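Trainee: I would like to check how the labels on this structure follow from the values. Please show it first.

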Amino acid sequence: GTYLMWTQFQPNGSQIWQGCGRASVITVPTTGAVSAWALNNNLTVRDLTFTGNSNSGILVNGGSMTDVVVERCTIQSSGSHGLNTGGTSSRWLITGCFFNNNFSDDILLGEGTTSCRIIGNQFRTTGANAIDVNGSYHTIQGNQINVTGVNGTSTDVWGILLAAVGTTSCQYCTVVGNVIQATKGQGIIVRALSGLVSSYHVIAGNVVQGATGGNGDGIVLDGSVAGTIQGCLISGNTCQGNLRNGIGIDGSIATTKENLVIGNQCRGNGGTGIIVSAIDTWVVENVSLNNTSAQFTDTGTRTTDAGNKVTIANSTWNVNTGDFQFAGVAWATWVPALVGFSADPATATYKYIKIGKTVILKVRQPNLGTSNATTFTITLPVTAVESQVGAAFGIGSDNGSALTTAVRIDLSSTTVMTLYSSPAAGGWTGSSTKGAHFMLAYEAA
């Protein structure tokens, strides 16, 4: 049923309040209390629907509450925050809930909160931030966020905010595996007010796409205020189709230093894929492609830039430290040195392809060469990592006639192939003609 709350209700601690899902509705009349419920220590609230109005927030407490569980609840149409832990609370679990059309933040972890978990919730059409995180040691995992900031302008319109505010720093938070779409500002943003620190966060495996507005970036360490942002790891995220940049490491005003950007994908963003203006940033093994303005821009100090894939040209991934040849690259020819001939086979084919550390080569000698030794060697196009017996087998001719046994090919050294006239390492005739046809694959050094 539907239950009207005319005054604020605060259940005692160490209780479980269990409803029947969306059919169990707790609501506040238009002139109702500031909040429907004020939670207490060790309280579990499960399978209830909280519906507010233009004057009412839902699930707000006075702070300093511990071990609260909010599970499988619907929290919607609040005139303020959807769920507010208050300051200095700890060890909250908010899981499996649906937040919709709340005027301000859907979830606000107040200043000085610690060790809360926000896992597996859905957020839709949020007035301000979907998840506003203050304090330290929080886990934000597996949430789905769609449309934020409908009541905001340029700030507090974000998907997930990690912020050091008031007098409390924000540190050691983990933001993993969230899907964030159509935020009015940045999808994930880290901030620290003047004199405070927001540091050592792990932001990994998230998908941020379709961020809009003037600050429509995927993931940003925001240096627009004079705090310190240090030691954050941004890894394995996908930022695509955002209005502005994919990933931004900003030290314009803040002291932003010693952060790591590793193994992310930034594709099809309206600005730059990855943009850095900070101190001692590691930007390593990222893929940044098809972004409108640039793929990677660095105006920082002592930035380490290694192994980032930023263009595709002629089916080759061009890396700032060399070329990583990808599947589809054209075969190349090489001119080997042959030993065992007085006249090398005419119009022979020597081609190879290198895919990462794998080399595949082919040799065709339709016109036999003139033998002057019982040996037969060909130099490799790319140095091998090691020698190998029986690396391949092929067909061949010796003394002017086709062989009835397979030709054996060894990598006799890291630079030379040695061919034998039989699998048992038979020699060749030291006169008349000889030749071979084969393909071989090996690991490059």
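Predicted model: local features only at pLDDT ≥ 70, side-chain atom pairs only at ≥ 80, totals over all residues.

Trainee: What is the order of the strands in the open sheet of nine strands?

Mentor: The order is S8-S11-S14-S17-S21-S25-S29-S33-S36, and the pairing is parallel.

Trainee: What makes S8 and S36 edge strands?

Mentor: Strand S8 (83-84) and strand S36 (294-298) each pair on one side only.

Trainee: How do you know that S29 and S33 pair?

Mentor: Two strands pair if at least two bridges are found between them. Strand S29 (residues 247-250) and strand S33 (residues 272-277) are joined by four bridges and run parallel, so they count as paired. One of the contacts can be named: Gly-248 has Ile-275 in S33 as its bridge partner.

Trainee: Why is the contact between Arg-72 and Glu-71 called a salt bridge?

Mentor: The cut-off is 4 Å between a side-chain nitrogen of Lys or Arg and a carboxyl oxygen of Asp or Glu. For Arg-72 and Glu-71 the N to O distance is 2.9 Å, so the pair qualifies.

Trainee: Is Glu-71 buried or exposed?

Mentor: Buried means under 20% relative accessible area. Glu-71 has 18%, so it counts as buried. Arg-72, at 41%, is partly exposed, because that class lies between the buried limit and the exposed limit of 50%.

Trainee: What does the salt bridge between Asp-280 and Arg-302 tie together?

Mentor: The closest N and O atoms of Asp-280 and Arg-302 are 2.7 Å apart.

Trainee: Why is Arg-302 called exposed?

Mentor: Its relative accessible area is 57%, and exposed means over 50%. Asp-280, at 24%, counts as partly exposed.

Trainee: What is the N to O distance between Lys-309 and Glu-285?

Mentor: The distance is 2.5 Å, and their side chains meet in a salt bridge. The pair links distant parts of the chain, with Lys-309 in strand S38 (residues 309-313) and Glu-285 in the loop between S34 and strand S35 (287-289), 24 residues apart. Lys-309 has 15% relative accessible area, so it is buried, whereas Glu-285 at 40% is partly exposed.

Trainee: How many salt bridges does the whole structure hold?

Mentor: The search finds nine. Through shared partners, salt bridges join Arg-46, Asp-47, Glu-71 and Arg-72 into one network.

Definitions and conventions. Residues numbered from 1 in each chain as written. Heavy atoms only, no water. Helix = DSSP H or I, 4+ residues; strand = E, 2+ residues; numbered from the N terminus. Buried < 20%, exposed > 50% of the residue type's maximum accessible area, 1.4 Å probe, protein only.
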